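Student: Can you walk me through this one? I have not seen it before.
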Amino acid sequence: MDDCIFCKIIRGELPSKKVYEDDDAYAFHDIHPAAPVHLLLIPKLHIDSLAAADERHAGLLGKLMLLASKLAKQHGLESGFKTTIHTGRDGGQVVFHLHLHILGGGKIPTL
Ligand code: 5GP
Ligand code: ZN
């Protein structure tokens, strides 16, 4: 996806504060943190949103969930963290490349 900002971040065409990368996933600090720790975890495969995912992505989605937990631990969120996925305009999604928010470290916004 040429115009997708998260695809550009993965390709290194836009800067990011990377915290993790493997063949399938990439994680970085959110540019406007809503909590002391606020990471974004994305698949390298461009998927518009959770609503656009299907059975072919089951393994990838599972991997992202487990990675979220691993990254939270690595960032000291032993006492807990929040994972959020915004989906679609009514779900508050702004960037249309599927991503998980990982929030923790104290002041976590409530729903
Ligand atoms: P959502 O689509 O889930 O509502 O939110 C997108 C998130 O991406 C926001 O929390 C926003 O701060 C973050 N974001 C948007 N553009 C950039 C960017 O260029 N770099 C980084 N690191 N985060 C971004
Ligand atoms: Zn993308």
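Tutor: Start with a term: a residue is near a molecule if one of its heavy atoms lies within 4 Å of it. This is a predicted model, where local features need pLDDT of at least 70, side-chain atom pairs count only at pLDDT 80 or more, and totals for chains, interfaces and linings use all residues. Residues are numbered from 1 along each chain as written, chains are lettered from A and ligands numbered from 1 in written order, and side-chain values use heavy atoms, without hydrogens and water.

Student: Which residues come nearest to ligand 1?
Tutor: Asp30, Gly92, Val94, His99 and His101, out of 16 around ligand 1.

Student: What lies 2.9 Å from a nitrogen atom of ligand 1?
Tutor: A backbone N or O atom of His29. Ile31 also has a backbone N or O atom by a ligand nitrogen, at 3.2 Å. Both are polar contacts (pairs of N or O atoms within 3.5 Å).

Student: And how much of ligand 1 does the protein bury?
Tutor: 81% of the 520 Å² that ligand 1 exposes when taken alone. Those areas use the Shrake-Rupley method with a 1.4 Å probe.

Student: New topic. How many helices and strands are in the chain?
Tutor: 2 helices and 5 strands. Those are DSSP runs: H or I of at least four residues for helices, E of at least two for strands. The order along the sequence is α-β-β-β-α-β-β.

Student: Which element gives the largest share of the shell around ligand 1?
Tutor: α1, with 3 residues. α1 spans 5-11, and β2, 25-29, also supplies at least two.

Conventions
A polar contact is a pair of N or O atoms within 3.5 Å; within protein, one must be able to donate a hydrogen and the other to accept it, and residues adjacent in sequence count only if both atoms are side-chain atoms.
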